[in-house]
Amino acid sequence: MTLKEKARFFYQLAALLNSGMALAPSLNLAAGDSSAGVKKYWQQVSEKVAAGESLAAALDRRYFDGGTLGLLRLAEYSGFLPAACQQLFVATETQQRHQQLYRGIELAAIATLWSLLLVLVAIFKLETQAFMRPIFWLYAVGLGVSLWGLSRLAERYWFLGWGKAIAVIPGVAKAMEARSLLYLTDMALPLSCGIPILTALDLTRQHIPDPEMTAKLARASRQLRAGKTLSQSLENQLPALALQMIRMGEETGHLDRGIQQIATYYEGELERSLQQFRAILRPISLLAMGSVVAVAGIWLIKLLQNSLPS
């Protein structure tokens with residue numbers, strides 16, 4: 001199930017529930033535009049719900065993380081399921097947009113590194129006809145697959161050291177800060193559905209992959225239980241701008257709106273940073289791949305010249 005399918009499903013489900021339709025038939029109708037496999041899955045979920053299971057219990061953890069399931073469970077219990085589905089639509093759509101930017105940057109970086117390594121191998125290889133040998137291109141394919149595999153590992157274990165390793169690159173640290181703060185702003189979703197702040201904080205903390213932000217929220221949870229406000233609990237843990245927005249939300253009695261303002265601001269920051277990286281890497285990758293073609297052309301011309309009779 002792709003992010004696009006999830007976003008479309010939550011959008012349609014929220015509209016159907018807001019129109020007054022029951023949950024079980026809404027699940028079938030909301031899956032109407034999905035692929036055959038996804039439609040069959042939602043039909044099974046609908047049957048479980050019609051048999052008396054809650055929506056969160058009927059969903060599969062392969063497709064939905066613990067935070068989403070926890071939110072749906074609480075929203076269904078408290079009567080805020082349509083609002084939760086609408087918020088999940090917005091969150092999933094944003095996640096899909098960010099994922100597309102990440103993929104564009106990743107592919108451009110892989111293409112650049114792959115091309116440069118091929119050119120270096122061809123230039124410094126003692127055998128001058130490297131580009132003309134099938135074994136060379138076999139190694140090239142293996143190198144491309146290896147780089148792609150490393151990128152998958154880097155994405156999976158980003159917060160276990162990979163991110164810090166490249167934070168020295170200009171602009172990366174700023175993008176990492178924005179990405180980390182966006183995990184915190186997931187709190188706006190349960191808060192807007194009427195869930196208490198401590199429950200919303202614990203629910204958010206459970207599915208954050210960033211260990212540093214998880215530790216900050218764990219400390220904040222303990223201080224909230226001691227009677228402090230959220231802004232006081234996160235003092236010196238977040239940028240001043242983010243703390244100010246949280247404080248304003250507390251003072252106006254609309255903490256979810258204050259956190260949503262943080263999300264809006266840092267989503268813009270993250271997207272601008274990612275678009276800048278993509279704009280820089282795309283021409284570099286094209287130049288690098290062009291250099292492979294140029295070097296191959298030079299070797300081919302030399303080969304043809306050597307094959308001509310003297």
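In this predicted model, the cover over the buried residues of helix α3 includes α1 (3-18), α2 (23-30) and α4 (55-58). The residues under that cover are Val38, Tyr41, Trp42, Val45, Ser46 and Val49. Viewed down the axis of α3, these buried residues fall within an arc of 140°, so they line one face of the helix. Ala36, Gly37, Lys40 and Ala50 are exposed on the other side of α3. The helix covers residues 36-50, and its 15 residues should span 21 Å at 1.5 Å a residue. The end C-alpha atoms are 21 Å apart, in agreement with that value. Just after α3, Gly52 adopts a positive phi of about 120°.

Leu55 touches Leu23, Leu27, Val45, Val49, Leu72, Glu76 and Leu81, with residues up to four places away in sequence not counted.

At the level of the whole chain, the secondary structure comes to 15 helices and 0 strands. Of the 310 residues, 41% are buried. Contacts between residues at least 6 apart in sequence were also examined; 58% of these join residues at least 24 apart. The chain exposes about 17100 Å², and carbon and sulfur atoms supply 61% of that area.

The buried residues of α14 are Ala242, Leu243, Met245, Ile246 and Gly249. Down the helix axis they fall within an arc of 160°, so they line one face of α14. Ala240, Glu251 and Thr252 are exposed on the other side. Gly253 follows α14 and has a positive phi, near 80°.

A search of the whole structure finds 3 salt bridges. One joins Asp202 to Arg225, with the closest N and O atoms 3.1 Å apart. Asp202 lies in helix α11 and Arg225 in helix α12 (residues 211-225), so the pair ties together parts 23 residues apart in sequence. Asp202 is buried, at a relative accessible area of 15%, whereas Arg225 is exposed, at 53%.

Another salt bridge pairs Glu235 with Arg247, the closest N and O atoms being 3.5 Å apart. Glu235 sits in the loop between α13 (230-233) and α14, and Arg247 in helix α14; the two are 12 residues apart. Glu235 is partly exposed, at 37% relative accessibility. Arg247 is partly exposed too, at 26%.

Glu269 and Arg272 form a salt bridge with closest N and O atoms 2.6 Å apart. Both lie in helix α15, 3 residues apart, about one turn of the helix. Glu269 counts as buried, at 12% relative accessibility, while Arg272 counts as partly exposed, at 43%.

Helix α11 (residues 197-206) also contains Arg205. This residue is partly exposed, with a relative accessible area of 26%. Arg205 touches Thr214, Leu217 and Ala218, leaving aside residues up to four places away in sequence. The C-alpha atoms of Arg205 and Lys216 are separated by 9.3 Å, and the two residues are 11 apart along the chain.

Conventions. Residues are numbered from 1 along each chain as its sequence is written. This is a predicted model: local features need pLDDT of at least 70, side-chain atom pairs count only at pLDDT 80 or more; totals for chains, interfaces and linings use all residues. Side-chain values use heavy atoms; hydrogens and water are left out. Helices (H or I, at least four residues) and strands (E, at least two) are DSSP runs, numbered from the N terminus. The expected span of a helix is 1.5 Å times one less than its number of residues. Buried means under 20% relative accessible area, exposed over 50%, partly exposed in between (1.4 Å probe, protein chains only). The arc is that of the directions from the helix axis to the C-beta atoms. Contact means heavy atoms within 4.5 Å. Accessible areas come from the Shrake-Rupley method with a 1.4 Å probe; for residues, only the protein chains shown count as cover. A salt bridge is a side-chain nitrogen of Lys or Arg within 4 Å of a carboxyl oxygen of Asp or Glu.
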